[in-house]
Amino acid sequence: MTQTRTVLVTGGNRGIGLATAKRFADQGHRVAITARDPGDVDSRILAIPCDQTDADAVDRAYQAIESELGNVEVLVANAGITKDQLLLRMSDDDFSTVIDTNLKGSYRVAQRATRTMLRARWGRLIFVSSVVGLLGSAGQANYAASKAGLVGLARSMARELGSRNITANIVSPGPVATEMLDALTEDQRSAITEQVPLKRVAEPQEIAETILFLASEGAGYITGAVIPIDGGLGMGH
Ligand code: NDP
């Protein structure tokens, strides 16, 4: 990316989000992150507490970013949670909390971002989905549904906003070495790795690189794409 942009990475205090925020900062961009409890991540990065299940909190976060760094030009909708459970044991709350955070939360932050992107006639919306959104995953009906929903959301935004030079794309990671994966047992982790053609999990930086490309001027003709970064796990989907 040649031009310096204002970038918001949701869920940017650890894992994929933090790796992505740092890479944008390395390139000289103005970077903000949100999380419920962001802490102090990096002196170059503006960290703002924001629970994206709350529309007012999302609006307040944008106001803070706008006054400190300017209007958001690149949004990486990355924040997400899991609440895994077999279908018959899954509670209504397990299902709706994951949808409200991962899908509706991404909708909230993306809808707010477009307010200023439309005026600027330039914007990049990048949604972090998951290979399981299209593959499905036993014990993750809530999570897989939320991640599949992001595809319909992003593609609808791509159609609605394309004439204003705003792109909307999806990255679809396979297993990545973050706290989310740490929650699995050693047996679960090796069973997943075994299914990956590259026989390893990804490092967060490997997801960040593709996100940076999608935000760049060079990716200006890519919209509505679902880009797998999964070591081949989801091939054909
Ligand atoms: P982590 O669990 O390490 O980080 C999740 C981030 O989301 C944290 O910053 C967390 O901050 C934030 N977050 C959670 N709930 C909310 C909320 N309500 N409002 C605002 N922020 C919130 O996850 P990863 O880095 O592993 O994952 C990042 C994204 O990548 C997620 O969407 C995940 O589904 C996806 N992904 C991950 C894969 C993996 O194997 N790790 C594979 C495929 C996709 P806080 O808790 O402070 O709110």
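The secondary structure of the chain comes to 8 helices and 7 strands, where helices (H or I, at least four residues) and strands (E, at least two) are DSSP runs numbered from the N terminus. With a radius of gyration of 17 Å, close to the 18 Å that the globule rule gives for 237 residues, the chain is as compact as a globular protein of that length; the radius is taken over C-alpha atoms, and the rule is 2.2 Å times the number of residues to the power 0.38. This is a predicted model, in which local features need pLDDT of at least 70 and side-chain atom pairs count only at pLDDT 80 or more, while totals for chains, interfaces and linings use all residues. Residues are numbered from 1 along each chain as its sequence is written, and side-chain values use heavy atoms, with hydrogens and water left out.

**Shell around the ligand**
- Among the 29 residues around the ligand, Asn13, Arg36, Asn78, Tyr143 and Thr178 come nearest, a residue being near if one of its heavy atoms lies within 4 Å.
- Helix H1 (15-26), helix H5 (141-161) and helix H6 (179-182) each supply at least two residues of this shell.

**Polar backbone atoms**
- An oxygen atom of the ligand lies 3.1 Å from a polar backbone atom of glycine 11, and an oxygen atom of the ligand is also 3.1 Å from one of aspartate 37.
- For glutamine 52, a polar backbone atom is 2.9 Å from a nitrogen atom of the ligand.

How values were computed. Polar contact = N/O pair within 3.5 Å; in protein donor to acceptor, adjacent residues only side chain to side chain.
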